[in-house]
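Have the picture open while you read.

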Amino acid sequence: MSSSWGKQIKISIFGESHGTAIGVVIDGLPPGEPIDFDALLAFMDRRRPGQNRFSTPRKESDHPHILSGFYEGRTTGTPLSVVIRNGDTHSADYAQMDSVARPAHADYTGHLRYHGAQDPRGGGHFSGRLTAPLVAAGGIAMQVLNRRGVQIGGHIASIGKVDDTPFDGVHLSPKAILAPGKKRFPVQNDPSGEKMQQLIEDCRKNQDSVGGVVECAALGFPAGIGSPMFDGLENRLASLLFGIPAVKGLEFGAGFGASRSFGSQMNDPFCLENGEIRTRTNHHGGILGGISSGMPILLRVAFKPTPSISREQDTVDFKRLEPVQLSIKGRHDPCVVPRAVPCVEAAVALALLDAWMEKTQ
């Protein structure tokens, strides 16, 4: 199934944007793991809509209700089922668009795939709303990893052409990667963040949207985990990260910049540091041959601009086969990137835990 993922840690995400509820079933979690609900709620709150002018005004509590797999404060080892109720739905906003292809949305392709049986309200199962259960699952995975010494954190690397200070791929500390997530606007450099916020506000006023990049790092992940070829650590991370709506690009370490460089510039010299094998630079992003090297795992995820904009656009009615003009109403983010940071962190946590569990089984 397209909405199920994983080998050792298996997740299955269900629900639609305007349905009764959304949720996730997580299978393969180790038994006896406590869940800190305050920490989980705080993590999910970073993705929750309706908190400021940079996100959709849709108001949802996003409170996760655990139905199974949890007893007396700990995981049982059986499937953990999490449900998140939908509350603030405005389905009438989509009443006139059941056969109108919103540009850059999955309305037309979803109609082809599901022969018109799909729920079109708010994007249905294609909606960014489905990242709420992904963040719930990833938040739980992150707690499991934290107890094993792994820390994961991200920040907004850029909005449009405005850049934040990038992570240092070699000299990274847990404090450095976790600090942005504690801010209202998750950046390292606050003046850059203010410029980003102004750009988002300008787009909102101009009935437009803007994209950006999220950078994420993982520290403390052991060397030697992963596989070559088709089941590499990058492959596993990519398969989950591309499940986040609006993701259009992914790079590890130096990424596409490596293609414009020489081997003498990109090769990371190995060295000994306090008796441990490390590299002096980290252009490889902590992964070599699909296997973790012990250096910080570093990646960047590119998000397209929110496709729902209220400017008039050309499109077609795919049932009547006629051209129409569309001005999208409803409630939408002028930029998804600020709320996407915990989504990326969640996906990274799930992928790394899945790989770790495979190594230790």
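The crossing of α1 and α3 is right-handed (a crossing is right-handed if the near helix is turned clockwise from the far one by less than a right angle, and left-handed if anticlockwise). Before going on, a word on the model: it is predicted, so local features need pLDDT of at least 70 and side-chain atom pairs count only at pLDDT 80 or more, while totals for chains, interfaces and linings use all residues. Residues are numbered from 1 along each chain as its sequence is written, and side-chain values use heavy atoms, with hydrogens and water left out.

**Two helix pairs**

Back to that crossing. Here it is beside a second helix pair; axes are lines fitted to C-alpha atoms, for helices over the stretch in contact, and angles run from 0 to 180 degrees between N-to-C directions.

| Helix pair | Angle | Axes apart |
|---|---|---|
| α1 (residues 37-45) and α3 (residues 131-146) | about 135° | 9 Å |
| α6 and α8 (residues 337-360) | about 140° | 9 Å |

The angle in the α1 row makes α1 oblique to α3. As for the cut-offs, under 35 degrees counts as roughly parallel, over 145 as roughly antiparallel, 65 to 115 as roughly perpendicular, and the rest as oblique. On the α1 side, A39, L40, F43 and M44 make the contact, and they meet α3 residues including V135, I140 and M142 (contact means heavy atoms within 4.5 Å). Sorted by class, this contact has nine nonpolar, three polar and no charged residues. Here Ala, Val, Leu, Ile, Met, Phe, Trp, Tyr, Cys and Pro count as nonpolar, Asp, Glu, Lys and Arg as charged, and the others, Gly among them, as polar.

Now for the other pair: α6 passes α8 in a right-handed crossing. Among the residues touching there are L233 and R236 of α6 and D354 and E358 of α8. That contact divides into eleven nonpolar, no polar and three charged residues.

**Two sheets**

In which order do the strands β9, β8, β10, β16 and β11 line up? They form an open sheet, β9-β8-β10-β16-β11, with antiparallel pairing (two strands pair if DSSP finds at least two bridges between them). β9 (162-163) and β11 (247-252) are at the edges with a single partner strand each, so one side of each has no neighbour in the sheet. Inside, β8 (residues 151-159) and β10 share eight bridges, and G154 has C216 of β10 as its bridge partner. α6 shows up again here: it packs on the sheet, touching β11 and β16 (297-303), and its direction makes about 160° with that of β11.

The other sheet is also open and has five strands, in the order β1-β2-β3-β7-β4, paired antiparallel. Its edge strands are β1 (4-5) and β4 (64-68). Six bridges join β3 (residues 21-27) to β7 (residues 80-85), and V24 is partnered with V82 of β7.

**A hairpin and a salt bridge**

β12 (residues 270-273) and β13 (residues 276-279) run antiparallel, joined by four bridges. Their hairpin has two residues between the strands, and N274 takes a positive phi near 55°.

Finally, which residue forms a salt bridge with K7? The partner is D231, with the closest N and O atoms 2.6 Å apart (a salt bridge is a side-chain nitrogen of Lys or Arg within 4 Å of a carboxyl oxygen of Asp or Glu). K7 lies in the loop between β1 and β2 (10-15), and D231 in the loop between β10 (212-219) and α6 (233-241), so the pair ties together parts 224 residues apart in sequence. By this rule, the salt bridges number 20.
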